[in-house]
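Please read this briefing with the sequence and the structure side by side, and look up each residue as it is named.

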Amino acid sequence: MFVLELTYTAPLDAVDAALAAHVTWLDEQYAKGIFLASGRKNPRDGGIILAVGADRAAVEEVVAGDPFVTAGVCEYRVTEFTATKTAPGLEQYRETLG
């Protein structure tokens, strides 16, 4: 599992100009089962996405396709973790330490 932290690197008007394309991209990743949750940070200086993927390289490839990245308005910090406990409904993403 991965925590994807977006940090805006451009003024909000530039972020907002790419927002519709970013939301479409988010919807595509949800449809593929890659994203589990997402939203803006407060204060609005970026966002957070909870994602699953085969490995870090696969997730980084997905991130590279974000219209926010291609428009040059944000940077990502990708943090991988092992989800050993989950809320009900997320059991399929639970992992064991090995």
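Contact here means that heavy atoms lie within 4.5 Å. The structure is a predicted model, in which local features need pLDDT of at least 70 and side-chain atom pairs count only at pLDDT 80 or more, while totals for chains, interfaces and linings use all residues. Residues are numbered from 1 along each chain as its sequence is written, and side-chain values use heavy atoms, with hydrogens and water left out.

**Two residues and their contacts**

- K41 lies in the loop between strand 2 and strand 3, where strands (E, at least two residues) and helices (H or I, at least four residues) are DSSP runs numbered from the N terminus.
- Leaving aside its neighbours within four places in sequence, K41 is in contact with E5, L6, T7, G46, G47 and I48.
- K41 counts as buried because its relative accessibility is 18%; buried means under 20% relative accessible area, exposed means over 50%, and partly exposed is in between, with a 1.4 Å probe and protein chains only.
- C74 has its place in strand 4, and this residue counts as buried because its relative accessibility is 7%.
- When neighbours within four places in sequence are left aside, the contacts of C74 are L6, T7, Y8, T9, F68 and V69.
- C74 and Y8 are 66 residues apart in sequence, yet their C-alpha atoms are 4.2 Å apart in space.

**Salt bridges**

- A salt bridge is a side-chain nitrogen of Lys or Arg within 4 Å of a carboxyl oxygen of Asp or Glu, and by this rule the count comes to 5 salt bridges.
- One of them joins E5 and R77, whose closest N and O atoms are 3.8 Å apart.
- This pair links distant parts of the chain, since E5 is in strand 1 (residues 2-8) and R77 is in strand 4 (residues 74-80), 72 residues apart.
- E5 is partly exposed because its relative accessible area is 23%, whereas R77 counts as exposed because its relative accessibility is 54%.
- D16 forms a salt bridge with R44, and the closest N and O atoms of this pair are 2.5 Å apart.
- D16 counts as partly exposed because its relative accessibility is 37%, and R44 is partly exposed because its relative accessible area is 24%.
- The side chains of K41 and D45 meet in a salt bridge as well, at 3.7 Å from N to O, and D45 is partly exposed because its relative accessible area is 37%.
- E5, K41, D45 and R77 are linked in a network of salt bridges.

**Aromatic pairs**

- Rings of Phe, Tyr and Trp (its six-membered ring) pair if their centres lie within 6.5 Å, and planes under 30 degrees apart count as stacked, over 60 as edge-to-face and the rest as tilted.
- By this rule the count comes to 3 aromatic pairs.
- The rings of Y8 and F68 have their centres 5.9 Å apart and their planes at 85 degrees, so this pair is edge-to-face.
- The pair links distant parts of the chain, with Y8 in strand 1 and F68 in helix 4 (residues 67-70), 60 residues apart.
- Y8 and F68 are both buried.
- W25 and F35 form an edge-to-face aromatic pair, with 5.4 Å from centre to centre and 75 degrees between the planes.
- Because W25 lies in helix 2 (residues 19-31) and F35 in strand 2, this pair ties together parts that are 10 residues apart in sequence.
- W25 and F35 are both buried, and W25, Y30 and F35 form one aromatic cluster.

**The largest pocket**

- A pocket is found on a 1 Å grid over the protein atoms alone, as an open set of points where a 1.4 Å probe fits, with protein on both sides within 12 Å along at least five of seven lines, and its lining residues have an atom within 4 Å of a point.
- Grid points are joined across faces, edges and corners, and a volume is the space filled by probe spheres set on the points.
- About 170 Å³ of space lies in the largest pocket.
- The largest pocket is lined by 14 residues, of which Y8, H22, L26, G39 and R40 are the closest to its centre.
- Strand 1, helix 2, strand 2 and strand 3 each supply at least two residues of this lining.
- By class, the lining has 8 nonpolar, 5 polar and 1 charged residues, where Ala, Val, Leu, Ile, Met, Phe, Trp, Tyr, Cys and Pro count as nonpolar, Asp, Glu, Lys and Arg as charged, and the others, Gly among them, as polar.
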